[in-house]
Amino acid sequence: TNLAGSAITAGTVGTTQLTDASVTVAKLATGAPRAGFNSTRNVVAGAYTLVVGDLGKLVEVNSASAVTVTIPTDSVAFTEGDRIDILQTGAGQVTLAPDTGVTLNSGTGKRKLLSQWAACTIIKRGANSWVAIGNLTE
């Protein structure tokens, strides 16, 4: 079997997978986003709905006015354990909004990033169920 997010078959790491017999950040970052070693930036300027392409990325929200980031239903192919980082780079406060039918849990129901340069991570926990952790406010 193959390890998730890699081209390495379990138990057979060798010259085919690593031609120079070394492991580097560049080699680790070339797998699927779920491999988790690549924090490519996705800069957005207005209301935004998350997509599978955001996995392994830092979604930077740069807006002068308040903006909503929507967490979609399971019609978008996120899987349990998927994580997305969200950073507010503008003055406009970012609000996390679960789509209809989606549950978003967080400490005391907090769903807004605290201020400019505040960040959070959302993690898929199950069917239409996410948790937000980080620098949040009500």
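User: Is Glu60 buried or exposed?

Analyst: Burial is read from relative accessible area, where under 20% is buried, over 50% is exposed and anything in between is partly exposed, using a 1.4 Å probe and protein chains only. Glu60, at a relative accessible area of 10%, is therefore buried. This is a predicted model, in which local features need pLDDT of at least 70 and side-chain atom pairs count only at pLDDT 80 or more, while totals for chains, interfaces and linings use all residues. Residues are numbered from 1 along each chain as its sequence is written, and side-chain values use heavy atoms, with hydrogens and water left out.

User: Where does Glu60 lie, and which residues does Glu60 touch?

Analyst: Strands (E, at least two residues) are DSSP runs numbered from the N terminus, and Glu60 belongs to strand E3, residues 57–61. A contact means heavy atoms within 4.5 Å; leaving aside residues up to four places away in sequence, Glu60 touches Arg41, Asn42, Val43, Val44, Leu87 and Thr89.

User: How many aromatic pairs does the structure hold?

Analyst: Rings of Phe, Tyr and Trp (its six-membered ring) pair if their centres lie within 6.5 Å, and planes under 30 degrees apart count as stacked, over 60 as edge-to-face and the rest as tilted. The structure holds one such pair: the ring centres of Phe78 and Trp130 are 5.2 Å apart with planes at 85°, so the pair is edge-to-face. It links distant parts of the chain, 52 residues apart, with Phe78 in the loop between E4 and E5 and Trp130 in strand E10 (residues 129–134).

User: What is the relative accessible area of Phe78, and of Trp130?

Analyst: Phe78 is buried at 7%, and Trp130 counts as buried at 1%.

Key. Helix = DSSP H or I, 4+ residues; strand = E, 2+ residues; numbered from the N terminus.
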